[in-house]
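Hi,

Here is the structure I promised to pass on. Have a look at it first, then read my notes below.

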Amino acid sequence: MSTYSRRDFVKFMGIAAVSSMFPLQADGIGYKTANAVEHKPKTFDIKKGEYKIIPINNNTWCIQEANVRCFLLTGSKEALLIDSGNNIHNAKEIAQSLTNLPIKLLNTHADRDHIGSNNEFDEFYMSMAEASNYYHGQNRRGAIIPTEHGDKLNIGNRPLEIIGLPGHTPGSIAVLDVNNRALFSGDPIQDGEIYMFGVQREPHAYVLSLKRLEKYTGRFDTIYPAHSNCPVSPNLIVPLYKGVEEILAGKIQGTDAVLHNTPIKKFDVKVATILGDAKL
Ligand SMILES: [Zn+2]
């Protein structure tokens with residue numbers, strides 16, 4: 001059994017700089033071991049639900065699947081799992097291999113690639129605006145603990161704040177890890193493909209959310225998104241919303257594509273690709 005160093009994590013994610021990683025914390029509170037159980041397939045097979053556990057620091061881990069990741073944060077009293085996976089259905093069990101603390105779950109939103117293990121939990125933090133998205137899916141159990149913009153969670157010596165980011169979905173939320181100056185952003189802030197087509201997605205709300213988030217950028221240095229490269233810089237925020245504003249103003253032309261049998265348009269906003277409605 002071996003572990004990934006912070007440098008390996010950075011290498012794995014294809015990021016050159018380690019300076020943006022938040023510093024190792026030596027308090028030793030709430031974690032069993034930083035020597036994570038390693039699951040290291042040569043390649044990820046999405047269908048098999050393969051994953052890696054990547055320590056970020058002594059009280060933060062990334063559970064990385066091929067196309068999505070969730071995060072485990074431990075405090076002095078509790079642990080918080082941010083999202084529960086896509087093809088894995090035992091994220092709680094995986095998290096429990098890293099900490100003896102009671103584990104609570106928070107979903108950044110209810111798209112299926114973020115709720116794979118929700119049925120392991122009786123209740124979970126989630127925005128009420130995701131209720132329709134969540135309960136309209138098949139085999140969805142558990143109770144939402146309504147969690148909205150401005151709410152504060154404290155898992156013990158580790159204050160966390162919720163920042164609402166509606167747009168990608170109506171109730172998308174991010175978690176600000178206050179003392180570590182880190183933001184766990186879910187899907188809206190990332191440098192891959194951002195889904196913005198279909199009835200529940202709203203690019204106008206997305207722009208407003210990112211403009212509001214911009215007011216918080218003095219409070220975090222690093223963003224840990226659910227998809228694509230990780231970590232990313234807060235410098236992504238402005239070009240993302242400016243790009244979507246240009247799409248809405250007709251200044252960026254999209255290319256036609258089909259995704260999940262749905263005609264869409266792909267818009268290159270340079271720092272990411274926005275997948276928008278075909279009519280845009
Ligand atoms: Zn996603």
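What is the strand order in the open sheet of five strands? The order is β8-β9-β10-β11-β13, and the pairing is mixed. Strands count as DSSP runs of E with at least two residues, helices as runs of H or I with at least four, both numbered from the N terminus; two strands pair if DSSP finds at least two bridges between them. At the edges sit β8 (152-154) and β13 (222-225), each pairing on one side only.

Before going on, a word on the source: this is a predicted model, where local features need pLDDT of at least 70, side-chain atom pairs count only at pLDDT 80 or more, and totals for chains, interfaces and linings use all residues. Residues are numbered from 1 along each chain as its sequence is written.

Back to the sheet: β11 (residues 182-186) runs parallel to β13, with four bridges in the pairing. Gly186 is opposite Pro225 in β13.

The protein chain has five helices and 16 strands. Of its 280 residues, 45% are buried (20 or more other C-beta atoms within 10 Å of a residue's own, with C-beta atoms placed from the backbone).

Cheers

Conventions: Buried ≥ 20, exposed ≤ 12 C-beta atoms within 10 Å, placed from the backbone.
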